[in-house]
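Subject: Structure for your review

Dear colleague,

Please find the structure below, together with its sequence. A summary of the findings follows.

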Amino acid sequence: MNDAPHILLINPTITSRRSARFPLSLLHLAAALERTGSSSRIIDGNVDRQFVDDALRAMEQRRFDAVGISVMGGPQLAPAIAVSTAIRARFPAVPIIWGGYFPTLNPEAALAAPYVDYAVRGQAGDTLPELVAALASAADEAKLALIGGLSWKRGGAAVHNPNRRFTLADNGLVLPYDKLGDPRRYLARTYLGRRTVAHQAAIGCRFRCTFCGVAAMFGGTTVLPAAERLERDLSYLKHELGADSVQYFDNNFFDREQDMVPLLEVMARFEMPWWCFARSDALLNLSESAWKLVRKSRLRMAYIGAESPNGQMLKEIRKGTRPDQTMAVVELCRRHGVIPELSFMVAPPHNTAEETEHTFDFIRALKRVNPQSEIVIYVYTPLPENSRHEKDRAKRPAPPLFDLNGEPVVFPATPEEWALPRWVDYACHADAPWLDDRLRRRIQDFVTVLRCRYPTVQDLRSPSWAKRSLSAMAGWRYHFGKYDRPWELELANRLVRLRMPQVSGL
Ligand code: B12
Ligand code: SF4
């Protein structure tokens with residue numbers, strides 16, 4: 001009998017089956033466990049809607065030494081709590097480990113739950129195998145205390161070991177995609193192609209925007225892959241799986257040009273249309289020869305965090321880009337045949353209504369320069385101060401937040417509280433305690449008029465006649481700025497159900 005540790009890895013449901021993409025976090029962890037002599041099984045709640053029952057069944061069928069659950073704040077919390085409590089009730093002796101953005105940013109809250117034994121902060125390629133090894137040899141406190149990136153409980157109190165450095169381990173192999181059953185079921189029809197695949201080449205981001213979960217996780221670090229690794233991955237995805245286009249999950253695809261060129265050269269050889277997250281300054285700084293590679297590699301859309309038209313606010317949140325760069329990049333993208341997908345954060349805690357209206361006007365100006373620009377509107381929901389990276393926490397603390405009654409905003413202290421609808425909305429940047437009904441409605445109305453007037457190219461489901469009719473219906477409202485109560489668009493939209501990329505991804 002094989003005594004090597006065996007770990008159950010679970011991705012709780014967060015999106016529809018149609019929008020499911022490779023659970024890359026768990027694939028990376030499965031590869032790391034394999035590298036260190038452990039084995040694992042993956043259950044992905046995005047494709048397996050009975051994932052709680054299936055996890056319990058899997059645990060009845062064979063011994064698992066621990067369960068690892070990937071948890072992002074927002075709608076993934078409720079299913080993460082459901083599967084954790086079910087496992088704790090049926091298999092009380094099996095350790096439960098939470099990892100991903102939620103426990104990284106909120107380790108105290110994660111450990112406050114009786115069904116979470118360990119919270120792994122940041123990347124877990126080394127932390128998880130070390131924890132599994134410690135558990136296999138009767139985890140004593142001295143061993144646990146040595147594991148970087150681990151938060152654990154000692155006598156009921158949370159202990160947070162020091163952070164770990166980020167690395168991009170490469171064992172010369174592609175990820176163990178076959179652990180997902182048939183990996184081809186994760187290829188999706190998107191506007192990039194008929195079989196779009198999700199991939200992440202580099203990890204992290206070297207910027208430190210104060211509002212961003214990525215900055216909170218990586219603390220300003222980026223690690224780029226070697227060109228050979230990207231070549232190997234793309235070759236597998238294209239030739240073995242049959243993918244024809246790629247959605248890159250890299251947090252900020254364009255890093256320094258000299259580092260990107262070898263990667264772009266690889267991508268230019270594969271010519272698979274692609275989508276990525278990018279910054280306006282990075283795109284504006286690209287040389288003509290790099291743009292040539294970008295065009296050859298067939299970049300179709302770049303998601304750019306424009307955030308705000310207010311230069312002072314951009315400085316305060318340490319974005320490092322300016323409104324004029326946002327304006328310039330939509331023009332630049334137009335010239336190079338790339339669609340800019342711009343995200344904005346409206347309704348900040350201060351000057352809430354004025355900033356929101358200013359943003360609407362700026363969006364209209366951008367649309368005049370490049371009508372193809374796609375717009376994603378979020379409510380600005382700053383991270384809790386203690387979620388920020390430890391290097392940034394003390395620096396420039398954010399001003400205190402108050403709700404509509406002038407009471408200080410108190411962030412949740414447990415996963416259950418974070419799973420309440422108002423905090424799920426907060427995590428999804430959909431609502432904030434300082435937003436009143438009038439402004440909430442105003443934002444909804446603007447978004448309805450805008451997305452009917454300019455339906456997203458990412459929507460392949462709605463027929464083009466329906467999109468054209470909606471656009472025509474919304475024309476006069478958009479032209480005259482009459483956003484209030486667009487009941488006729490809401491009605492028509494209910495029939496057509498335009499797609500919302502901010503909820504489901506591509
Ligand atoms: C794919 C994705 C999704 C997918 C679902 C992914 C899934 N779980 O199935 C979809 C599109 C559904 C999604 C939705 C949302 N997402 Co999302 N998403 C991503 C994205 C682009 C990639 C995640 C990924 O696969 N990364 C690659 C893997 C390898 O990295 P990783 O996940 O970080 O995993 C490593 C570690 O975190 C850790 N780890 C992860 N899981 C586990 C588990 C265990 C047991 C252990 C030990 C370790 C561990 O180890 C892994 C390997 O080192 C990230 C941005 C990014 N590039 O990371 C945003 C991101 C994670 N999402 C984010 C958010 C906020 C959301 C939303 C909740 C809100 C929103 N509006 O965006 C929505 C929900 C929308 C809704 N209303 O329903 C934020 C989280 C930030 C934060 N403050 O917490 C991110 C960082 C985007 C951003 N820049 O702000 N998302
Ligand atoms: S550049 Fe983008 S990913 Fe990087 S810290 Fe800023 S907002 Fe986050």
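With which residue does arginine 388 form a salt bridge? The partner is glutamate 385, and the closest N and O atoms are 3.2 Å apart. Please note that this is a predicted model. Arginine 388 is buried, with a relative accessible area of 5%, whereas glutamate 385 is partly exposed at 26%. Elsewhere, Arg206, Asp255 and Arg256 are joined into one network by salt bridges that share partners. Over the whole structure, the search finds 29 salt bridges.

Two further salt bridges may be of interest. Aspartate 392 forms one with arginine 318, where the closest N and O atoms are 3.9 Å apart. This pair links distant parts of the chain: aspartate 392 belongs to helix H16 (residues 390–393), while arginine 318 lies in the loop between helix H13 (311–316) and helix H14 (323–336), 74 residues apart. Aspartate 392 has a relative accessible area of 3% and is therefore buried; arginine 318, at 29%, is partly exposed.

The other joins the side chains of arginine 57 and aspartate 54, at 2.8 Å from N to O. Both residues are in helix H2 (residues 51–61), and because they are three residues apart there, about one helical turn separates them. Arginine 57 counts as partly exposed, with 43% relative accessibility. Aspartate 54, at 18%, counts as buried because the cut-off is under 20%.

Leaving aside neighbours within four places in sequence, threonine 210 is in contact with Glu316, Ile317, Arg318, Leu383 and Arg388. Threonine 210 is found in the loop between strand S10 (203–204) and helix H8 (213–218), and is buried, with a relative accessible area of 16%.

Methionine 301 has isoleucine 339 in S15 as its bridge partner. In general, the strands of a sheet pair through backbone hydrogen bonds, either parallel or antiparallel.

Yours sincerely

Note on methods
Residues are numbered from 1 along each chain as its sequence is written. Chains are lettered from A and ligands numbered from 1 in the order in which they are written. This is a predicted model: local features need pLDDT of at least 70, side-chain atom pairs count only at pLDDT 80 or more; totals for chains, interfaces and linings use all residues. Side-chain values use heavy atoms; hydrogens and water are left out. Helices (H or I, at least four residues) and strands (E, at least two) are DSSP runs, numbered from the N terminus. Buried means under 20% relative accessible area, exposed over 50%, partly exposed in between (1.4 Å probe, protein chains only). Contact means heavy atoms within 4.5 Å. Two strands pair if DSSP finds at least two bridges between them. A salt bridge is a side-chain nitrogen of Lys or Arg within 4 Å of a carboxyl oxygen of Asp or Glu.
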